[in-house]
Amino acid sequence: MTFSKDRIGALLMLAFCAAYWFLTYQIRMLPFQADSAFNAQTMPEALAVIGVILCLAILIFPGSDAAPDLRGYKWGLGAAMIALMVFYGYALRPLGFLASTSLFLIGGYAALGERNPITLILAAVPIVFAFWALMTWGLDIYVAPWPEALSGGTGG
Amino acid sequence: MIEGILIGLGTALTFQNLIMVMVGCLVGTFIGMLPGLGPMSAIALMIPIAIGFDPAAGIILMAAVYYGAIFGGSTSSILINAPGVASTVATSFDGYPLAKSGQAGKALAIAAYASFSGGVIGAILLLVAAPRLAEVSLAFQSTDYFALMVLGLTAVAAFAGKGQVLKALLMTVVGLMLSTVGTDQTQGIQRFTFGMIDLLDGVSFLLLAMATFALSEALMSVLKPVGEADRQREMDAQRSVGSMAVSRAEAAEIAPVIGRSSLLGFLIGVLPGAGATIASFLAYGTEQRLAGSKGSEFGKGSVRGLAAPESANNAAATGSFVPLLTLGIPGSGTTAIMLGALISYGIQPGPRLYLDQPEVFWSVIISMWIGNVILLILNLPLIPYIARILAIPGRFLLPLIFFFSLIGVYFVSFNTFDIHMMAVFAVAAVILRLLEFPMAPMILGFILGGMMEENLRRALLINNDSWSFLWERPLTFWILIIAAAVMLVPLVWPRIMRLLGRRREGAGEGG
């Protein structure tokens, strides 16, 4: 048996479906709810069964035998962008929209190859300020611009 | 119908909505042109902005982005042989050879005229078909809706392509699974929330659409950036667009092609799951066969070969609105995202939409005409300038796409947990894309999941908890039979053919 793209994907999805199936038994219902013909567990259970059957079907009858070719991908760069997203999620409220977004964009441009510090700042900060102004005054969507510490902890 | 058209005109021709169409067409063309970003990502990116407007304006904006993105995809197919989406792959077969021979301007103009005609013919057919179907579907009950949703989901998987059927079915099921996360709608029970307050409302549709389309496509571009050779090709293409004039003989040659392909495209677009890609390839193949001796020119810069897929994919895009507007069942990934947006507005598409909110129903149809006119008169002359966008270096463009995707979702929920959840979904989507598992069936399953469960539960309530409605109500029964056939035929047919072929070979050797 070759480990083709289809089979690797099917194995991953099988793990997901099995976990989902296990979790369907963690859905807590009151006795009268559990007794009804269609309860909160019915559809998830049916889906878990169908999911597992489909995963097994792909494992047995894969659509193609092509093996994954992972050469030529810039994994480090991808990981850096994901790390930046996670950082942005954590920084948005404490640092405020303007600082966190500027840092996110500068980090992104830099990770993707821009090295000139002036270009980095000019391609990030004016866009962030313009976007914030458009949202706040143009579309009436308020997001706290400054760090939480400066605005008394009332993040947007 | 005349009254409806007047309502639609009244809504679509307001200053605000005309601006929406113009902005939507331009933004859609811009996004659709970027390699990797297709109509689905374009619409997903626009939802946070569209939600700020009234439903008619928001839907008009998204519909305009939709046609704009399809047109933009054709432009990058013709200029740099990089179809942003599958539905414009057939466009590149003859569009790129034309561009290479110094006739990029003509190719773009033919693509624009064909798209315009396909879109307009599609909109006329939609105008006729949608109200009729809406009237018929008023008789549908929840059991029939459940069956129709099963048909929609299986059809999407069935049309997924060779070797993809099982994977598409699995992704549909994964989408349905994700739709069960959160508080159960009827019994108020928490499912798969892990005790987290952030998951009580389930996974937001916008978050999932952005993460699995816009973000994952941007991540794929980061992982495998465009090479220097491609960049040079882009620069060359923008320098020499050339004349946009189409001769009278060429116009006469493509006119019947456009008529036939538009009709074919529309009919295929109406079928759930088929959509613009199949329509464009089918139209291309049909015209190649009909062209007779001129069929050999296809693939070398034939104007017929360019006009056929272009008119078919636009007509199919319009046709896919028929099941969405009349049954509330999206026929494609793109219309699934539109359905999610409609639901965010509190609008339930379906037969009642035609009666309860005629301004939304008709303004979408009328805006398609206006959108196509705008695409022709505004975008065509601007194409050489818009094409320069392709020259913006990826190192500046990609972080901005990341930012707009993340902030678009954050501005709806104001919850930073969503940003982290997007990162998780984007990583999962990238892994699945690398393994060639399709994403569109998942989003369709996710959007239909809640409705499917609700309709099934309602059907059981009406039938005193008996499942007999599945075979006792003829309409439900036959829709389910069709769904089963649609699912099983692509799985079983190739094996039967292989078996028959082997027998024939055996008989040949024996005899």
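Q: Is the crossing of α4(A) and α17(B) left-handed or right-handed?
A: The model is predicted, so local features require pLDDT of at least 70 and side-chain atom pairs count only at pLDDT 80 or more, whereas totals for chains, interfaces and linings use all residues. Residues are numbered from 1 along each chain as its sequence is written, while chains are lettered from A and ligands numbered from 1 in the order in which they are written. A crossing is left-handed if the near helix is turned anticlockwise from the far one by less than a right angle, and right-handed if clockwise. For α4(A) and α17(B), the crossing is right-handed.

Q: How many charged residues are in the contact of α4(A) with α17(B)?
A: Residues are in contact if their C-beta atoms, placed from the backbone, lie within 7 Å. On the α4(A) side, M81(A), M85(A), Y88(A), T101(A), F104(A), L105(A), G108(A) and Y109(A) take part, and they meet R395(B), F396(B), L398(B), P399(B), F402(B), F403(B) and L406(B) of α17(B). By class (Ala, Val, Leu, Ile, Met, Phe, Trp, Tyr, Cys and Pro nonpolar; Asp, Glu, Lys and Arg charged; the others, Gly among them, polar), this contact has twelve nonpolar residues and two polar ones, and the number of charged residues is one.

Q: Which element gives the largest share of the side of chain A that touches chain B?
A: The contact takes 52 residues from chain A and 46 from chain B. On the chain A side, the elements that give two or more residues are α1 (5-24), α3 (42-60) and α4 (75-111), helices being DSSP runs of H or I of at least four residues (strands: E, at least two), numbered from the N terminus. This side divides into 33 nonpolar, 13 polar and six charged residues. Its largest share, 15 residues, comes from α4(A).

Q: Which residues of α8(B) meet α4(A)?
A: The axes of α4(A) and α8(B) come within 8 Å and cross at roughly 145°. From α4(A), the contributors are L77(A), G78(A) and M81(A), and those from α8(B) are L219(B), V222(B) and L223(B).

Q: How does α8(B) run relative to α17(B)?
A: Helix α8 spans residues 205-223 and helix α17 residues 394-413 of chain B; their axes come within 10 Å and cross at roughly 165°. The crossing is left-handed. The arrangement of α8(B) relative to α17(B) is therefore roughly antiparallel.

Q: Is N17(B) buried or exposed?
A: N17(B) belongs to helix α2 (residues 15-33) of chain B. Beyond its neighbours within four places in sequence, N17(B) is in contact with T11(B), A12(B), A56(B), A57(B) and I60(B). A residue is buried if 20 or more other C-beta atoms, placed from the backbone, lie within 10 Å of its own, exposed if 12 or fewer, and partly exposed in between. Because N17(B) has 25 C-beta neighbours inside 10 Å, its class is buried.

Q: What phi does N464(B) have?
A: Most residues other than glycine have a negative phi. F414(B), in the loop between α17 and α18 (416-434) of chain B, has a positive phi of about 55° and counts as partly exposed with 15 C-beta neighbours inside 10 Å. N464(B), in the loop between α19 (440-462) and α20 (469-472), counts as exposed with 8 such neighbours. The phi of N464(B) is also positive, near 50°.

Terms used. Axes fitted to C-alpha atoms, helices over the stretch in contact; angles between N-to-C directions. Parallel < 35°, antiparallel > 145°, perpendicular 65-115°, else oblique. Contact = placed C-beta atoms within 7 Å.
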